[in-house]
Amino acid sequence: MTLTARLGSSSRPVKIAIIGAGPSGFYAAGALLRQKETHVSIDLFDRLPTPYGLVRYGVAPDHQKIKSVTRIYERTMKDRRVRYFGNVDLGSDITHAELKSHYDQIIYAVGAQSDKKLGIPGEDLQGSFSATEFVAWYNGHPDFRHFEFDLSVESVAVIGVGNVAMDVTRILAKSVAELETTDITDYALEELRESNVKRIHIFARRGPVQAKFTNPEIKELGELEIADVIVNPADLVLDDASQAEMEGDRTARRNMETLHDLAERGATGKPKQIIFHFLRSPTEITGSGGAVSAMTTEKNALHATETGYVSCRGIGTYAEYDVGLVFRSIGYRGVPIPGVPFFDRWGIIPNEKGRVTAEHGGAVVPGEYTVGWAKRGPTGVIGTNKPDAGETVKLMLEDVKNNAVASSPDGSAAANHRGLHTGGELRPGDITTLLQKRGVAFVSFADWQILEQIENERGALRGQPRAKITDVDEMLRLIQSAKKEAAALPS
């Protein structure tokens, strides 16, 4: 009689696929590895050859300290229970059904890849972009490397007052000398070197207390080499609702202190100006010859709702600003994955604390989970993903214990787990066989380290942390070339 090994035992680890190799995916993997009760084997997938997601393509190039979190992720990848599969796209290279047939549990850590629209006339004019597009462009995301931004204009509008809006503003306002020691892409640095931007208008629909930027972000603007920050003191006079909100929010209090300091300092004669406009909502973008030339805003008034939330409404007073570029930064939303439930209203994968549901408020889908922005929406900072992932992983382990897992229907999972693996080692019958048969040029973590070394060496020659490679075909070519050279060396 053949005994079936218990799921989660050393002879039958739980086989887990994590889709998305950004912070939330890595924190989920880390939480799975730290627990001691259940044996696991993890395959981490990403659509791009490069791991780290938002850390590589979202964090501003002048914020290198934040990017140091990748050292923690590297330790996760060195664990012999984890493999990395880069350059694998769920939906084209592999289907949802195929994932289900190979894994006991699937975690979707796919983030929020799209942005919210303003919904106003002229939003689609040439020169109107999302902040996401600009950030991805200067950070070297392969999908955005060919975008073009006309930096010959003198005035730019940034709509929104979150940290991403502050990043966009800061990159536009910095001197080349401040940027050339970062890992900003070569092409972005050259465009910024020729930039004619002199005024960056920041528009917030509510007041300064309700601004979503963190204090370090706003303080940084006041420390720029060639840009003054202009804040109208009248905008810092608070109504009762805002005063009450500020008193209960330490970040808001610190932000107000910084804004008062900036208002007192005013213009000092620097060649660029960052101008804050609070209580202003864009109502129309107008153009000349199909390109942005101006933006109209309506003045707002604040009022407290019954729940205490401080909302705003237009009062019918309008102003027009001559701007040649508009960057909206008003929020993000996920995009549907073929075969995976999606709640369009919120732009997330519907879930109950991380367990995927068939629809919003619906039945749980066994064996499927989500973390990060795909789970909760675009809120928090990178570190917020750690407890978020921990919550999901706790439920995953409970489901293994309670046998509430959709085990691999092809019966191959047990055979695939009879040995642990290291460094991308192939296992008979596992997902690598399918990818190889399909001709998918997947990238292992060892392959990524080759690419990373090339970027670091190129960057060192220029006094930069790294010189990013932004073309996928070039990434794959460099990896293969380096591997061939290594193979040709005498043993």
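This is a predicted model: local features need pLDDT of at least 70, side-chain atom pairs count only at pLDDT 80 or more; totals for chains, interfaces and linings use all residues.

Reply: Residues are numbered from 1 along each chain as its sequence is written, and side-chain values use heavy atoms, with hydrogens and water left out.

Me: At what angle do the axes of H1 and H4 cross?
Reply: The axes of helix H1 (residues 23-34) and helix H4 (residues 70-77) cross at roughly 50 degrees and come within 10 Å. Helices here are DSSP runs of H or I with at least four residues, numbered from the N terminus, and axes are lines fitted to C-alpha atoms over the stretch in contact, with angles from 0 to 180 degrees between N-to-C directions.

Me: And which residues make the contact?
Reply: From H1 there are Pro 23, Phe 26, Tyr 27, Ala 29, Gly 30 and Leu 33, and from H4 there are Tyr 73, Thr 76 and Met 77, where contact means heavy atoms within 4.5 Å.

Me: New topic: is Asn 215 buried or exposed?
Reply: Asn 215, which is found in helix H10 (residues 215-221), is buried with a relative accessible area of 4%; buried means under 20%, exposed over 50% and partly exposed in between, using a 1.4 Å probe and protein chains only.

Me: What does Asn 215 contact, leaving aside neighbours within four places in sequence?
Reply: With those left out, Asn 215 is in contact with Arg 254, Asn 255 and Thr 258. A polar atom of the Asn 215 side chain lies 3.0 Å from the backbone oxygen of Arg 254.

Methods. Helices (H or I, at least four residues) and strands (E, at least two) are DSSP runs, numbered from the N terminus. A polar contact is a pair of N or O atoms within 3.5 Å; within protein, one must be able to donate a hydrogen and the other to accept it, and residues adjacent in sequence count only if both atoms are side-chain atoms.
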